[in-house]
Amino acid sequence: MKHIITISLILAGLALPLAAQILPSSPVDPAVDGSFGATEYPQVVQLKDMRLGYALSRNGQSLHFILEAPATGWVSVGLGSNRMHGAHMIIGYDALSSQVISEETGRGHGHSPSSTKLLIQSTIKESGGKTTLEFSLPASTYSSGKELPLIVAYGTQDNLRSKHKRYDSHTIAFQK
């Protein structure tokens with residue numbers, strides 16, 4: 001019995017680094033600067049008229065996301081659900097005098113400020129009729145599942161409460 005427990009503990013210890021490897025690591029950690037660099041994000045998907053990139057940091061500790069939308073209002077990425085309800089949303093806008101980024105929790109068809117703060121770094125930038133939201137958060141927050149469902153959206157106003165103009169969903173399948 002002791003041998004079975006010992007072997008189980010050893011196998012569990014070996015599996016932990018594998019569980020943390022939820023995506024292929026990026027060769028270069030993305031710079032959270034609000035720009036969609038050509039080689040920063042190894043995974044890039046087109047979601048309607050939005051472009052989403054995501055990467056695992058080289059050390060496997062952080063997940064990086066970037067969303068570029070054809071908007072001069074707010075943009076958002078919601079993690080953990082393919083719907084607003086239950087998603088941990090990162091939403092923001094770049095107004096003339098200030099940049100606003102908020103962590104929100106989706107409730108039904110709305111959202112409110114989240115008591116859980118996950119952001120490590122974040123920035124938002126509006127330029128040339130596009131708004132780009134870029135952020136990183138701990139990979140361990142989402143590494144326990146087999147996939148990470150998410151939603152993306154944008155609106156036309158510089159606020160956190162107006163209705164979206166466009167949205168889409170995506171699921172990131174973690175590598176085994």
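Which residue in strand 5 is the bridge partner of Val 77? The bridge partner of Val 77 is Ile 90. Strands here are DSSP runs of E with at least two residues, and helices are DSSP runs of H or I with at least four residues, both numbered from the N terminus.

## Model and conventions

This is a predicted model, in which local features need pLDDT of at least 70 and side-chain atom pairs count only at pLDDT 80 or more, while totals for chains, interfaces and linings use all residues. Residues are numbered from 1 along each chain as its sequence is written, and side-chain values use heavy atoms, with hydrogens and water left out.

## Overall content

The protein has one helix and eleven strands. Read from the N terminus, the order of elements is α-β-β-β-β-β-β-β-β-β-β-β.

Of the 176 residues, 44% count as buried; buried means under 20% relative accessible area, exposed over 50%, and partly exposed in between, with a 1.4 Å probe and protein chains only. The protein exposes about 9,400 Å², and carbon and sulfur atoms supply 55% of that area. Accessible areas come from the Shrake-Rupley method with a 1.4 Å probe, and for residues only the protein chains shown count as cover. Among contacts with a separation of 6 or more, 58% are between residues 24 or more positions apart; contact means heavy atoms within 4.5 Å.

An open sheet of six strands has the order 7-6-5-4-10-11 with antiparallel pairing; two strands pair if DSSP finds at least two bridges between them. Strand 7 and strand 11 (166-173) are at the edges with a single partner strand each, so one side of each has no neighbour in the sheet. Neighbouring strands of this sheet are turned by 30° against each other on average, direction ignored. The axes behind such angles are lines fitted to C-alpha atoms, for helices over the stretch in contact, and angles run from 0 to 180 degrees between N-to-C directions.

Strand 4 and strand 5 run antiparallel and are joined by five bridges. Seven bridges join strand 5 (residues 88-94) to strand 6 (residues 99-107), also antiparallel, and His 88 stands opposite Thr 105 in strand 6. The hairpin from strand 5 to strand 6 passes through four residues. Strand 6 is joined to strand 7 (residues 110-113) by four bridges in antiparallel fashion, with Gly 106 and His 111 as bridge partners. The hairpin of strand 6 and strand 7 has two residues between the strands, and Gly 108 in the turn has a positive phi of about 60°.

Strand 8 and strand 9 run antiparallel with seven bridges, and Ser 127 has Lys 130 in strand 9 as its bridge partner.

## Nonpolar cores

A nonpolar core is a set of buried Ala, Val, Leu, Ile, Met, Phe, Trp, Tyr and Cys residues joined through side-chain atoms within 4.5 Å. The largest has 30 residues, of which Leu 52, Leu 63, Phe 65 and Leu 79 touch the most other members. Strand 1 (43-47), strand 2 (50-56), strand 3 (62-69), strand 4 (75-79), strand 9 (130-138) and strand 10 (147-154) each supply at least two residues of this core. Another core of six residues lies apart from it, including Trp 74, Ile 91, Tyr 93 and Ala 95.

Leaving aside neighbours within four places in sequence, Leu 79 is in contact with residues including Phe 65, Phe 135, Leu 137, Tyr 142, Leu 148 and Leu 150.
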